[in-house]
Amino acid sequence: MFKTNSIIITSNTSKKDILCSNNNKLSYYKIYTLSEFNKLYYFDYNEKTIYYIMNKYNVKYEIAKIYINNLYNIDNDTYTNSKLKFLSELKQELINNKLLKINKLFNNFLNNKDIVIYNLPISKELNNLITSLSKNNNVEIINDKTNTYTHQIYEIDTIENEVLFVANKITDLLKNNISISNIYLTNLND
């Protein structure tokens with residue numbers, strides 16, 4: 001399905017599907033999730049980077065991670081928007097303080113490779129990555145996801161009948177040897 005020596009960027013689920021579908025054959029391509037690829041292509045960071053942002057800007061851990069994750073699509077451009085300008089300055093500050101690990105060898109490794117974006121929804125960020133990769137590589141987008149599942153929807157007139165219906169469904173599942181640990185109830189209210 002994929003060319004030899006291709007780089008495949010996909011979701012974690014699709015990555016597992018690709019690896020399992022090879023039937024233990026050696027594959028001559030590399031598979032990355034988008035997150036793994038971003039860390040290699042743009043930069044990686046560690047707890048020290050997060051700690052630096054938390055202390056300098058007096059923000060929580062989660063906010064510091066949001067700042068860092070938004071740096072992947074910040075260029076060296078001059079921004080007029082104050083938020084983009086802040087992110088651009090933050091990125092440069094982290095680079096200057098050697099808090100972002102930039103892998104220059106990976107970018108050289110990518111030159112003239114066939115890159116496949118496989119079963120990923122196209123977002124603005126992914127579009128920016130595709131544009132950047134297209135400068136030195138052949139980039140192909142493959143989306144062969146087919147949803148083969150359907151949902152049954154039931155409408156039940158009273159809460160008592162609904163509880164009875166759910167209890168009967170659980171009983172049927174248990175009779176069909178479905179483990180109780182694989183039965184879930186969701187969207188519950190009082």
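Predicted model: local features only at pLDDT ≥ 70, side-chain atom pairs only at ≥ 80, totals over all residues.

Me: OK, where is serine 179 found?
Reply: Serine 179 lies in the segment after α8 (159-175), where helices (H or I, at least four residues) and strands (E, at least two) are DSSP runs numbered from the N terminus.

Me: And which side chain does serine 179 have a polar contact with?
Reply: Its side chain is joined to that of serine 181 by a polar contact of 2.8 Å; the term means a pair of N or O atoms within 3.5 Å, and within protein one must be able to donate a hydrogen and the other to accept it, while residues adjacent in sequence count only if both atoms are side-chain atoms.

Me: Switching topic, is lysine 98 buried or exposed?
Reply: Lysine 98 counts as exposed because its relative accessibility is 72%, given that buried means under 20% relative accessible area, exposed over 50%, and partly exposed in between (1.4 Å probe, protein chains only).

Me: What about its phi?
Reply: The phi of lysine 98 is near 55°, a positive value in a residue other than glycine, and lysine 98 belongs to the loop between α5 (82-96) and α6 (104-110).

Me: Then what is the phi of asparagine 112?
Reply: Asparagine 112, which is not a glycine, has a positive phi of about 60°, and its place is in the loop between α6 and β3 (114-118).

Methods: Residues numbered from 1 in each chain as written. Heavy atoms only, no water.
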